[in-house]
Amino acid sequence: MSDCKQTYQQKTPESRALYERAEAVMPGGVCHNLRYHPPYPVYISRACGSRFWDVDDNEYLDFWQGHYSHILGHSPPHIVGQIEKLLASGVMHSGVVNPMEVELAELVCELISSAQKVRFCCSGTEAAMYAVRIARAYTNRPKIIKIQGGWHGAGSDLLFGVFKPYDMPDSLGLLEKNAENVITIPFNDPQAASAAIRKHGAELAGVIMEPIAGGGGFIAASIDFLAAIREETQKVGAVLIYDEIISGFRVALGGAQALLGVEPDLTVLGKVLGGGWPIGAVAGQSHIMDICNPLLHSNKWERAMIGGGTFSCLPASMTAGVSMLRYLKQQAARLYPQLAEVGETLRSKIEQTFAQNGVYAKCTGIGSLFMTHFPKDKQVKLDNPYAISYVTDVDKREVKLKTLLLSKGVYVMHGGGALSSRHSHDDIDFFIAKLDEIAKQMID
Ligand SMILES: Cc1ncc(COP(=O)(O)O)c(C=O)c1O
């Protein structure tokens, strides 16, 4: 392990110098904690397809792919072409409505079956925050149920029950009243979900959940779990919100709701939707979305304030988003099965490679998404984020595996990441060969 740290440091002097400067002017040297890793992060200088290069010109096979945004890999030529045209038109940002936002809204409502109306914003965090506000405004109730391990961005409403231990706030600076109005429930436990929804029904504005839990290991909710939550929220009149910021347009053209067959009332979207540019969206049935409609509710106390950001509907995000969704729509029949097949092969090859080297590892995920775990107890089922955080060696995955793979030219996040259409069979073979070279070092 110390050898690989040394190799990494020898290969990356420019990154080290940049990080020393960064640390002096940014808390921790970064603006997103996930982007730091010891001893210091690599600084990117260019990217294409499945690869990026750092400022020392080292090449990396990239499975992080812009926080899982780049389903078509870095810089897809057709999106880059559209952005170049946009820049040539002089419309960098205007604050005036643009034609692309209309087409993007139409595409979202066409492809996400539960969506009839949509509002765009600049990030997934913002979209999740708005979805909660819509649920509260629509029901005139305060409480929100969320899942243990569910990350919905860093907004103050939902920063509870995200990380271990799940029974305390995940940040300083949150108010007691935020905590009082959030209830966390275990993932994939239909009985606990039904009981919590019934118990809090009269005060319950909504349930927010990822139908495929990203933080835990891209684990799909069981149909029983989804059906129980759908039925009980309907009974008590609470709004069911799916956070499909990772799964939307990635696991299927219609998102996890199309794949798993249970529809929410509201969906929050981001990542893939922006075609590589900043975006968030709240979409849902008209009668709920219209709680923010200024044409129907002229007095501000009768409507929910959703949107209003200077950069909302940024022309570049709308343009790249349209280009992305048009392409996905056209290629869906070929693209999603292909990504799922490569993903399946990759997950089993990862487990096999570790096993051949005497290391017990499990690789969870669905479709193009994968995450490697080192379980301390072989008996526990890895079907929810709670079990994964308590029975697997998270540090081993986050630090040791990451550093070893970085020294071999592979960039992973949480011991895995996301495939894109630009990851070739050669890329997969390269990754497995590198994994084979380092696997024995994962033995304690
Ligand atoms: C499931 C989920 N929800 C919300 C967010 C927040 O989105 P953003 O980072 O665009 O604010 C993320 C980001 O990783 C996410 O994975």
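**Legends to the close-up views**

**Figure 1. Strand 12 within its sheet.** Strand 12 is mostly covered, since five of its five residues are buried. A residue is called buried if 20 or more other C-beta atoms lie within 10 Å of its own, exposed if 12 or fewer do, and partly exposed in between, with C-beta atoms placed from the backbone. The model is a predicted one, in which local features need a pLDDT of at least 70 and side-chain atom pairs count only at pLDDT 80 or more, while totals for chains, interfaces and linings use all residues. Residues are numbered from 1 along each chain as its sequence is written. Helices (H or I, at least four residues) and strands (E, at least two) are DSSP runs, numbered from the N terminus. Strand 4 and strand 12 run antiparallel and are joined by five bridges; Cys121 stands opposite Gly280 of strand 12. Strand 11 (residues 266–269) also runs antiparallel to strand 12, with four bridges between them, and Val268 has Val282 of strand 12 as its bridge partner.

Figure 2. Strands of a sheet pair through backbone hydrogen bonds, either parallel or antiparallel. Here, two strands are taken to pair if DSSP finds at least two bridges between them. Seven strands form an open sheet with mixed pairing, in the order 4-12-11-10-7-5-6. Strand 4 (117–121) and strand 6 (182–185) each have a single partner strand, so these two strands stand at the edges, and one side of each is left without a neighbour in the sheet. On average, neighbouring strands of this sheet are turned by 20 degrees against each other, direction ignored. Strand 5 (residues 143–147) and strand 7 (residues 204–209) run parallel and are joined by four bridges; Lys143 has Leu204 of strand 7 as its bridge partner. Helix 5 (residues 99–111) lies across strand 4 and strand 12 (280–284), at about 125 degrees to strand 4. Axes are lines fitted to C-alpha atoms, for helices over the stretch in contact, and angles run from 0 to 180 degrees between N-to-C directions.

Figure 3. Among the 15 residues around the ligand, Ser123, Gly124, Thr125, Gly153 and Ile245 come nearest. A residue counts as near a molecule or strand if its C-beta atom, placed from the backbone, lies within 6 Å of it. Helix 6 (residues 124–139) contributes the most to this shell, with three residues. The shell has four nonpolar, nine polar and two charged residues. Nonpolar covers Ala, Val, Leu, Ile, Met, Phe, Trp, Tyr, Cys and Pro, charged covers Asp, Glu, Lys and Arg, and the others, Gly among them, count as polar.

Figure 4. Domain 1 (2–75 + 336–442) and domain 2 (77–327) divide the protein, with bounds from an automatic or database domain assignment. Their centres, taken over C-alpha atoms, are 27 Å apart. In total, 25 residues of domain 1 are in contact with 27 residues of domain 2, contact meaning that the C-beta atoms of two residues, placed from the backbone, lie within 7 Å. On the side of domain 1 that touches domain 2, the elements giving two or more residues are helix 3 (65–68), strand 13 (362–366), strand 14 (369–373) and helix 14 (385–391). By class, this side of domain 1 has twelve nonpolar, twelve polar and one charged residues.

Figure 5. Strand 1 (residues 44–48) runs antiparallel to strand 2, and four bridges join them. Cys48 stands opposite Arg51 of strand 2. Two residues lie between strand 1 and strand 2 in their hairpin, where Gly49 takes a positive phi near 60 degrees. Strand 2 pairs with strand 3 (residues 59–62) in the antiparallel sense over three bridges, and Trp53 stands opposite Glu59 of strand 3. Four residues lie between the strands in this second hairpin, and Asp57 takes a positive phi near 70 degrees.

**Figure 6. Backbone features in loops.** The peptide bond from Pro38 to Pro39 is cis, with omega near 0 degrees; Pro39 is placed in the loop between helix 2 (13–25) and strand 1. Asn188, a residue other than glycine, has a positive phi near 65 degrees. This residue, Asn188, is in the loop between strand 6 and helix 8 (190–200), and Asn188 counts as buried because 22 C-beta neighbours lie inside 10 Å.
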